[in-house]
Amino acid sequence: MEFLVLVLSLFLSLVSCASSDPTTEPLRLCMTTQLSYYSEVSQIIHTSNSSSYSSILKSSQQNPRWLNSTSKPLLILTPFNESEIHAAVLCSKKRGIQIRVRSGGHDYEGLSYLCKTPFIIIDMINFKSIDINLADETAWVQSGATLGELYYSIGKKSDVHGFPAGICPTVGVGGHFSGGGFGTLIRKYGLAADHVIDAILIDANGKIMNRKTMGEDLFWAIRGGGGASFGIIVSWKIKLVQVPKVVTGFTVSKLISQGGSSLVNRWQYIAHNFHEDLFMRVILQNVGSGSQKQVQADFNSLFLGEIETLMPLMKQSFPELGLEAKDCIEMSWVQSAQYFAGYKKDQPLEVLLSKEALYKSNFKAKSDYVVNPIPEIVLQGIWERFMHEQLVFMILDPYGGKMAEISEFEIPFPHRKGNLYNIQYLVKWDVNEVSEANKHMYWLDMLYRFMKPCVSSSPRGAYINYKDLELGTNNRGTNTSYMEASSWGRKYFKNNFKRLAEVKSKVDPHNFFRNEQSIPPLRVLSGIGRV
């Protein structure tokens, strides 16, 4: 132990800024005394003077919009084991320094690597092991692994197993699972979080717990309630699902001006009632530019079966689309993960291991839930508004199937029966300047306001993994009230928000793990929630 402290202290003394930084130095010295064995310090602690600091900070910032932020961490920790995270929690708490945890860097508002007060980043890049057990159809997955790495590992082990998580392969498991997580298997199997059966979490006291020791309330909360509010989740045990050896993908594109509008309208009435083996989302986007610009609808689909089974099903369920066998591609399930990510099915599976997103640009997103079909006159208003922007998308993901069978209280994610589909709104731009961002975000805000009468209400629902700070934010510091946080919390979690706050009050009553949209403790005074 003495040798460890001596070595680490010597390293710290060589960092030129150590003596001039009254915040960082005590934090690092605290961490050296907490660690109980020798670590290669240069591999896990990266200060602003480290040659690795800038590259690690930018490495998984998936939204370039935040690259110019002045919010920089005091240091970045890239731990290899739980003890190093334990030390970071205890020392940060002692010094009053915030922690941001980053797995894949896809937080839509950058909250996994931005903070308005002094903070450190715990980057889970080294926590990426995946251990698959086909005997009981389970896997342990560390939070720093990406969805692509998970799919790759499953595909290498089995051609009849999959997992119902998201479409983007560079998304980190940690944030995705803790927010719910959905993709092409949502109608067959529900959410990723529905299939989490255990987890390892480090709480605000540095205690390392599994499902049994954390208790069922906390285990419930981290599966869809946003894990960053409750601790640092280092790994997840998941239940794999069965898929056929052959699945079928197809994308049929229709211009809105050439019948696409009526097809989108028809899709609204039927997609949630399709056979659960059929997932068909709609991507609305502009194609062309200038006077040639038009709105296009892409019917992007996965069927869990072969073409010969799909074709009669489509003729019965959605003959208006005019699907032909030549439009379809048969592949394995893991190849379908490549297909939906934008790769070709015959590219090597290793493309799923890439940390670089195929398409990266500045963006802002919002979300909605639709419980009744949107009137055609409103669809026409959407097409008209699209013509005033260039890089804009609406992605409509159908629900129904398994999603309608699971109670809205089963896990914190509440958007189940009664929802026809989810909408993700995206606007993107190339020039990373504030004035440019404001222009495009204003356009998105106007579209969001236009949609208000046609989507869910009381509350107007939103998806936590499409984080949107314009829904409301917490006050700075530890004293955000439950009532204030309800402005955004009920949109994400509906009636589950109160239970989440109750769990928070038990496991992190002093609100150490917090951010602009973290769950606040439910402070009780005389049996009444204090606001």
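Student: Why does Arg266 count as partly exposed?

Tutor: Buried means a relative accessible area under 20%, exposed means over 50%, and partly exposed is what lies in between, computed with a 1.4 Å probe on protein chains only. Arg266 has 34% relative accessibility, so Arg266 counts as partly exposed. Before we go on, note that this is a predicted model, in which local features need pLDDT of at least 70 and side-chain atom pairs count only at pLDDT 80 or more, while totals for chains, interfaces and linings use all residues. Residues are numbered from 1 along each chain as its sequence is written, and side-chain values use heavy atoms, with hydrogens and water left out.

Student: How do you know how confident the predictor is in the protein, and where does pLDDT stay under 50?

Tutor: That is what pLDDT reports, the predictor's confidence in each residue on a scale from 0 to 100. The mean pLDDT of the protein is 90, and 93% of its residues reach 70 or more. Residues 1-20, however, stay under 50, with 33 contacts beyond four places in sequence in the model, and residues 525-531 also stay under 50, with 8 such contacts.

Student: How many salt bridges are found in the whole structure, and which residues are linked in a network?

Tutor: The search finds 22 salt bridges, and a network of them links Glu109, Lys364, Lys366, Asp445, Asp468 and Glu470. Asp445 is in helix H15 (residues 434-451) and Lys366 in strand E16 (residues 362-370), so parts 79 residues apart in sequence are tied together. Asp468 forms a salt bridge with Lys366 too, with the closest N and O atoms 2.6 Å apart. Here the loop between H15 and helix H16 (482-493), which holds Asp468, is tied to strand E16, and the parts are 102 residues apart in sequence.

Student: Are Lys366 and Asp468 buried or exposed, and how do you know?

Tutor: Lys366 has a relative accessible area of 2%, which is under 20%, and so Lys366 is buried. Asp468 also has a value of 2%, so Asp468 is buried by that rule.

Student: Why is the link of Cys30 and Cys91 called a disulfide?

Tutor: A disulfide is a pair of cysteine sulfur atoms within 2.5 Å, and the sulfur atoms of Cys30 and Cys91 are 2.1 Å apart, so the pair qualifies. The pair links distant parts of the chain, with Cys30 in helix H2 (residues 24-34) and Cys91 in helix H5 (residues 82-95), 61 residues apart. The search of the whole structure finds 1 disulfide, and with -85° about the S-S bond this link is left-handed. Cys30 is buried at 11%, and Cys91 is buried at 0%.

Student: What makes E12 and E15 a pair of strands?

Tutor: Two strands pair if DSSP finds at least two bridges between them. Strand E12 (residues 247-255) and strand E15 (residues 328-331) are joined by 4 bridges, so they pair, and they run antiparallel. The bridge partner of Thr248 in E15 is Glu330. E12 also pairs with strand E14 (residues 294-303) in the antiparallel sense over 8 bridges, where Val252 has Phe299 as its bridge partner.

Student: Why is Leu240 called buried, and which residues is Leu240 in contact with?

Tutor: Its relative accessible area is 4%, which is under 20%, so Leu240 is buried. Contact means heavy atoms within 4.5 Å, and, leaving aside neighbours within four places in sequence, the contacts of Leu240 include Ile132, Leu134, His161 and Gly162. Leu240 and Gly162 are 78 residues apart in sequence and 6.0 Å apart in space, C-alpha to C-alpha.

Note on methods. Helix = DSSP H or I, 4+ residues; strand = E, 2+ residues; numbered from the N terminus. Salt bridge = Lys/Arg side-chain N within 4 Å of Asp/Glu carboxyl O.
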